[in-house]
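I opened this model to look up a few local features and some helix packing. My entries follow in the order I made them.

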Amino acid sequence: SSNNPFSIRVEVDVRVGALGELAHREPVSRTPHIGNLYPADLALLSLGVPTRLVDKNCSRIDGVYAPEARIVGAREIQLSDQAHTLSPYLITRDGRPLAYDHFHAVARAFSRVLVSTYSTVYLKHIDVVEETLAILAKSAADVFNRLVTSDGRVARLVSSDADGSAYRDPLGKIVRVRRDSLVRRCIDYFERSAACAVEGVPMQTGGHLLISAQADLLLQGVLDALETGGDRNRTIYQCSGIAMARYATNPRLGYSDSISRLYVEVRRRGSRVLAMLPDITLLLIPTSMLRLVFLDADRYSRHRQILDCDERRLILKRKKAEEIKDARTDRERRIVIDRYQVLFGQVNERQQSLIAEQAAGKFSPFYALGDSSRFTQYDLVGSDAKIEVPADVLDLPIKHLAPRMKKLLAAYPQLRSEIFV
């Protein structure tokens, strides 16, 4: 509801190019998973949007970011055989943590932008995080919803009561955790996961706890509101995927209501710092359709030529209308229509062949999620490649990104349309 102290809305009117400017003034972040980032993620980094990598995705399950692999030169190279394993536990065959490689490749490629993981963000504000988690452990213990096994797999919460919580591991065994150790086990994960990503220290123990996505949004909202200070109302921005924007604002799932209930508890039971927290509006900006992003000049110039074809069609349409108006007889009108049909056909054919080249090249903007036909942070590290976000794309509001891609697809129907699902 609109009077929630922590409300979540989707924002699609902001221009792509304004996101970097906004990040200088307001709390803005992008939250992709540890793994192989997408052109959209890298474009936001190139605009200066701070990025927090989610460090609790699982190999083989997270087919989108593929934390068990490295994607470079549009080829996917499997680096770990561990399946269904949390990203900080993944190690290469020669014993190096993959999370370290993924994190540092992003941080090196964008040394001027703040790149962190969820765990490093929480450790930076550990006093507030610990107090918030302690309140949740008393009033909403089910947010500690997963237990980590020693090999980095996940045991899911089956019940929680006054004594503690019970989790079922992948083999069906029930593991119990006392309520008074929930917070400590959660912070253990932050400490070890941060040491893994930042320093390359392998994760070798289990028993840690993970919190729910709602608790993550709550914590990040609290930290962003405290960092920026200000009045009784704070707006914070998170660049998200389309799926998250959908489920976080779906009234049937009640995301906003459940986070608000947690937030009320945190303000009611917290020390002065938490009690004084403002009302928060979290604006989710779905940026995953930011696909017209280029790494090389050829593709960029092809993009310009594709747009020139659109422009040429508009000019032809206008000229055709004028000539039809000036035609004195039906026969003259017929000649005009036939001539323009040929001209339109030529422009369409030219545009189709340009789009076909764009789609067939090494880094196609027409990738499906989970495809390797895209560039990642690994294509930027140690190369002169520079990300180009075309000026016409920077000028687009977020809501026009998907229609723009669909329009390009319509000009070349053989391309797979499921990329928009």
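Where is the place of A66? I found A66 in the loop between β3 and β4. This is a predicted model, so I took local features only at pLDDT of at least 70 and side-chain atom pairs only at pLDDT 80 or more, while totals for chains, interfaces and linings use all residues. Residues are numbered from 1 along each chain as its sequence is written, and side-chain values use heavy atoms, with hydrogens and water left out.

**Entry: positive phi**

I looked up phi for A66 and got a positive value near 40°, in a residue other than glycine. Most residues other than glycine have a negative phi. A66 is buried, at a relative accessible area of 4%. My cut-offs: buried is under 20% relative accessible area, exposed is over 50%, and partly exposed lies in between, with a 1.4 Å probe and protein chains only.

R60 also sits in the loop between β3 and β4. R60 is not a glycine, yet its phi is positive, about 65°. Is R60 buried or partly exposed? R60 is partly exposed, with a relative accessible area of 39%.

**Entry: the whole chain**

I counted secondary structure next and got 14 helices and 13 strands. Helices (H or I, at least four residues) and strands (E, at least two) are DSSP runs, numbered from the N terminus. The C-alpha trace spans about 90 × 55 × 40 Å along its principal axes. Of the 421 residues, 52% count as buried. I then took contacts between residues at least 6 apart in sequence; 72% of these join residues at least 24 apart. Contact means heavy atoms within 4.5 Å.

**Entry: helix α3**

Helix α3 covers residues 98–109, twelve residues. From first C-alpha to last, α3 reaches 17 Å, close to the 16 Å expected at 1.5 Å a residue. The expected span is 1.5 Å times one less than the number of residues. Which residues of α3 are buried? I listed L98, A99, D101, H102, F103, H104, A105 and V106. These buried residues pack against α2 (39–46), β3 (51–53), β4 (69–72), β6 (115–117) and α6 (182–199).

**Entry: α5 against α9**

I fitted axes to helix α5 (residues 126–139) and helix α9 (residues 255–269); they come within 10 Å and cross at roughly 115°. That makes α5 roughly perpendicular to α9. Angles of 65 to 115 degrees count as roughly perpendicular, under 35 as roughly parallel, over 145 as roughly antiparallel, and the rest as oblique. Axes are lines fitted to C-alpha atoms, for helices over the stretch in contact, and angles run from 0 to 180 degrees between N-to-C directions. On α5 the contact uses T132, I135, L136, K138 and S139; on α9 it uses L262, E265, V266 and R269.

**Entry: α5 against α6**

The axes of α5 and α6 come within 9 Å and cross at roughly 140°. That makes α5 oblique to α6. Which residues make the contact? From α5 I noted I126, V129, E130, L133, A134 and A137, and from α6 L182, V183, C186, I187 and F190.

**Entry: S212**

S212 lies in the loop between β11 (209–210) and α7 (213–228). S212 counts as buried, at 8% relative accessibility. Leaving aside neighbours within four places in sequence, S212 is in contact with V143, N145 and R146. I also checked S212 against R404: they are 192 residues apart in sequence and 35 Å apart in space, C-alpha to C-alpha.
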